[in-house]
Amino acid sequence: MGSSYLSKGIKRTALSLALGACFVGGVQAQSNSAGAITGRAVDGDTITIVSPDTGFTRTINVSGDGSYRFSALPTGKYTITRKAADGASSSRDITVTVGTAANVDFARAAATSGGATTLDAVQVVGTNAINPIDVSSVESTTVLTAEQIAKIPVARNITGVALLAPGTIKGDAAFGNLASFGGSSVSENQYYVNGFNITNTFKNLNFAQIPFEAIAEQQVKTGGYGAEFGRSTGGVINLITKRGSNEFHAGGNIFWEPESLRESTPNLYYRNGRLVSDNSKDLGWAATASVWASGALVKDKLFAYALLQYGRTDEAAYPNVLSGGKNTQEEQKSPSWLVKLDWNITDDHLLALTAFSDKRKTNTAYYYTTFEGDSVKPNRGTYLGTLHEEDGGENYALKYTGYLSENFTLTALAGHGEFSRSNHAIQADGSRISYDGNLNSVVGGCPIVRDNRPSARKDATGIYSGCDFATSLNRSDAKDTRDQFRIDAEWLLGDHVVKFGYDLDDFETVDGTAYSGNYYYQYNNNPNTGNDFVRRINIRQGSTVKVEQRAFYVEDTWNVTDNFLVYGGLRWDSFENKNGLGQSYVKIDNQFAPRLGFSWDVNGDSSFKIFGNAGRFALPLTANVAVRGASASIYEMQDFIYTGVDPVTGVPINMTPGGGPLVEPYYANGETGQNKNPASIASTNLKPMYQDEFILGFQAQITEHLSAGVRGVYRELKRAIDDTCDIRPIEDWAEANGYTDVAVGNPSFPYCRLYNPGSDGIWNIDVDGDGTTERVSIAANALGPEAKRTYSALEFFWEGAWDKFFLQGSYTYGKSKGNTEGGVKSDIGQGDTGTTQDFDYPELMLGSFGYLPNDRRHTLKMFGNWDITDEWSVGGNLLVQSGRPINCFGVYGDDPVGYRAAYFSCDPIGQHGGTTVVDRGTAGRTSWTTTFDLNVAYRPAFADGKLAFKVDVFNVFNADKAIAVNEEGENDAGDPIVQTETYKTPLSWQTPRSVRFMVQYDF
């Protein structure tokens, strides 16, 4: 995305183009951490570039066809000088941004006297451009610099900036602050900083958070990206950090969001008008302070940038009067830092080190909640304890760039990153609760107790009882570790720019969970006897698993003519997933992903571009699948009768087996604590999830200050990975093949098994438990439907830049349709990437085809800034968006697979246990939402621009529409009482109005 800021009628053959801030013309879009300078001159000329900030200098000769290219350049400002054979010369100042190729064309013409030749007059244009038209790229890309981001009222986080790009929408709140790209789920993106992969491959639902103040540029790739990028069927976010120069700089700032100027979310009312939640106390505040310094440790050779940032948030959350339960006070402390070192060993050899820490500690204090009489206003009661969580870690990446010749450039990167996900709890009496990952260890603490008996229900909502607060604990040593090595080369061969590279990425996860107090007790009533019983549940996992990824790519950009280029790329990905014993349970070699594109500079002056591309993108299996699905785990349930209840803990007293259907211990999903046979986990014909994408568009300069374009996008998911837990087809296979007994749950007979929905399942399973595996082949139609997902969109985008004003925006009309969202399941908030309840049983897929949760039919984005005077400026950010589809979940018939209210089935007339299928997304949509943000900045003249004050007001008009609603039309018993009272009531709203103050001094 972007626009040029060029004067009309400029022709490459007549004038030299010296373009400002973010021009991205040239020959070929660049790598994930550098840019380039390209152009044309005269054979025999020499071209020299100099960085005024670092003294970095390179000189090359113009090739025989009149072209030149500087590859793999650090981003920043450059002076480019052309020297002719007769000694004539001319210089230009330009800026190179990440992943782009700045274009400067030189030409010579006869002078008017003496027959001498001189350089043409130079017209410098584009100094106010944000993203001029990039005629060199076939990608769909948006680049924003730190200076531009600072002018816009936007959240200071990576996702907040990514959501400014066309084709992106905010994902479901259940998965945190993540973006969905082009209809894909939030688990299908990749994130980089200075070329190092910071994606958390545990679930692909997190990434390392570098201090926001340290970001110099953010590139958002929404489609059409080259073969260099893989492991993504969504989008790519590419970050470049600030770095040092010969000039010393230092500064600091403080951002503060006071509680007194923050609005709360609306109160919750049920459909019958009953007020059930007073949310007026759900408030908090946030503050962040940063200090930084940069400069030369050795002039022109060694440079450093260092930043220290400290953030703190404090949030209160109260439950509604029906659920009772606990209220919380959450405090998060985020001390982070970043160091960037750049060593220009020589002008031909560069070395850069990026190091940063994003450790965060969150302490959540839990209290009982009390309510005064019949009031729904909550009050803070007895203190229960505090849950201590730690996430984040340290990351280091070292990158070498070698300009080995004028036509050959080599880069190599080695990086190591760690990310903690550990927690423990401290009870009110000071005792510690933690889990060490041992399946047989005692966790301690207060167990979970819930009451599901009809007599304990108010308006079909179960009363929470018991003294637990920590619920499920992570391992105290849970963390993720990444080791990445990659090498990339670029070779200029005449009209061809050939790139190739190899990438090695090893990701290790230490993970496990267990219940606080070891067990979860659930009180129930047996409808056959009318007697009460309690079900005791024990679920725990603990293992160290790995994902080993390898990739090789080669790509060629061919300048067929001066204004028409063709891009072709080939990529091969290999993945190997290993269980807790280091055994491989999924291994896929050389998944092929071709890419093809073109760009036509129609007028030859970067004023009108037609472009298109087609590509295949593959996604590997995440690490979380192995923790429970391929490693030892326990899922034990047993029913008991009891003689009493502990008045403090709620735990039943004097239990003896009986009362319910599970008199003996029952191990759900065959999870008995035994190590699973890795050869039995996945179908032997398992292939990676992949998607095909097609894009066609154009972009044109409309006036001297305005450009616009339109892009058509079509994406189709061709294959998915998920699990099936249906043993009926295997029982049918066993009967047909003469087996009289089926031994479900033995180590070589996993209850749930990985496969590609829509393909045959072929598993090595020990069907009869005799220790020998059989090759079990099940036809695709016996397992359920094929995975389907399509996304089609028209994206209109525009950008204008004037002396004191810039405006950028987009409108997207998009449809996302299918029977699976992808890696996660937003409509129920399920984040088990790759193993959602989709496809577990064919019955769950009845009515599943329709408009998906990321289907936002209409999205309008507008943002910009106006410098009213040299001291005052105002910025705005507008988002108007249509709602997402609503489902009606309920119980289908007599609940044939035991998933309760999880089917696309509910009866609008209230028939108990009906078989009415309500197709996905046909129960309505959430409301349209409009959010307008505004800021005002003041830079006093007496401080020479070094001092700045700013106020950002988010959601100025405090719009409060529901963005997610309760989609259960029946309760777990199949009764429609939920539908009449809680169905379609809000689960979350638009973020309420808040105010952020900033003061900054930079010198």
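**Entry: helix H4**

I began with what covers the buried residues of H4, and the cover includes E51, strand E52 (761-765), strand E53 (774-778) and helix H5 (780-783). I note here that I am working on a predicted model.

Which residues of H4 are buried? I found Pro729, Ile730, Trp733 and Ala734. They span an arc of only 140 degrees around the axis, which puts them on the same side of H4. An α-helix has 3.6 residues a turn, so residues three or four places apart point the same way.

Then I turned to the face of H4 that points away from its buried side. There I noted the exposed residues Asp732, Glu735 and Ala736. Just after H4 I looked at glycine 738, which has a positive phi of about 85 degrees.

Cysteine 725 is joined to cysteine 752 by a disulfide, with 1.9 Å from S to S. Cysteine 725 sits in the loop between strand E50 (722-724) and helix H4 (728-736), and cysteine 752 in the loop between H4 and strand E51 (753-755), so the pair ties together parts that are 27 residues apart in sequence. I read 110 degrees about the S-S bond, and this link is right-handed. Is cysteine 725 buried or exposed? Its relative accessibility is 3%, so cysteine 725 counts as buried. The cut-off I needed for that step is under 20%.

**Entry: the other disulfides**

How many disulfides does the count come to? I got 3 disulfides. A reminder to myself: a disulfide is a covalent bond between the sulfur atoms of two cysteines.

Cysteine 446 and cysteine 467 form one of them, with their sulfur atoms 1.4 Å apart. I placed cysteine 446 in the loop between strand E30 (432-433) and strand E31 (448-451), and cysteine 467 in the loop between strand E34 (464-465) and strand E35 (472-474), so the pair ties together parts that are 21 residues apart in sequence. Cysteine 446 has a relative accessible area of 7%, so I list it as buried. Cysteine 467 also counts as buried, because its relative accessibility is 12%.

Cysteine 888 and cysteine 906 are joined by a disulfide too, at 1.8 Å from S to S. The torsion about their S-S bond is about 120 degrees, so this disulfide is right-handed. I found cysteine 888 in the loop between strand E58 (872-881) and strand E59 (929-938), and cysteine 906 in the loop between E58 and E59, 18 residues apart. Both of these cysteines are buried.

I then numbered the bonded cysteines in sequence order. The pairing came out as 1-2, 3-4, 5-6.

**Entry: the nonpolar cores**

Next I looked inside. The largest nonpolar core has 39 residues, and Leu178, Ile198, Ile210, Ile237, Leu239 and Phe356 touch the most other members. Which elements each supply at least two residues of this core? I listed helix H2 (158-162), strand E14 (179-181), strand E15 (190-193), strand E17 (215-223), strand E18 (236-241) and strand E23 (302-317). H2 gives the largest share, 3 residues. Another core lies apart from this one, with 20 residues, among them Ile37, Ile49, Phe56 and Ile94.

Leaving out residues up to four places away in sequence, phenylalanine 356 touches Val193, Ile198, Ala208, Ile210, Trp337, Leu338, Gly393, Glu394 and Asn395.

**Entry: glutamate 664**

I wanted an exposed residue as well. Glutamate 664 is in the loop between strand E46 (656-657) and strand E47 (666-672). Its relative accessibility is 57%, so glutamate 664 counts as exposed; the cut-off is over 50%. Leaving out residues up to four places away in sequence, glutamate 664 touches Met637 and Gln638. I also took a C-alpha to C-alpha distance: glutamate 664 and phenylalanine 640 are 9.6 Å apart in space and 24 residues apart in sequence.

**Entry: the whole protein**

Last, I stepped back. I counted 6 helices and 63 strands. The radius of gyration is 30 Å, close to the 30 Å that the globule rule gives for 1003 residues, so the protein is as compact as a globular protein of that length. The C-alpha atoms fill a box of roughly 115 × 70 × 55 Å along the principal axes.

What share of the 1003 residues counts as buried? I noted 59%. The accessible surface is about 37200 Å², and carbon and sulfur atoms hold 54% of it. Of the contacts with a separation of 6 or more, 72% are between residues 24 or more positions apart.

Definitions and conventions: Residues are numbered from 1 along each chain as its sequence is written. This is a predicted model: local features need pLDDT of at least 70, side-chain atom pairs count only at pLDDT 80 or more; totals for chains, interfaces and linings use all residues. Side-chain values use heavy atoms; hydrogens and water are left out. A nonpolar core is a set of buried Ala, Val, Leu, Ile, Met, Phe, Trp, Tyr and Cys residues joined through side-chain atoms within 4.5 Å. Buried means under 20% relative accessible area, exposed over 50%, partly exposed in between (1.4 Å probe, protein chains only). Helices (H or I, at least four residues) and strands (E, at least two) are DSSP runs, numbered from the N terminus. Contact means heavy atoms within 4.5 Å. A disulfide is a pair of cysteine sulfur atoms within 2.5 Å. The radius of gyration is taken over C-alpha atoms; the globule rule is 2.2 Å times the number of residues to the power 0.38. Accessible areas come from the Shrake-Rupley method with a 1.4 Å probe; for residues, only the protein chains shown count as cover. The arc is that of the directions from the helix axis to the C-beta atoms.
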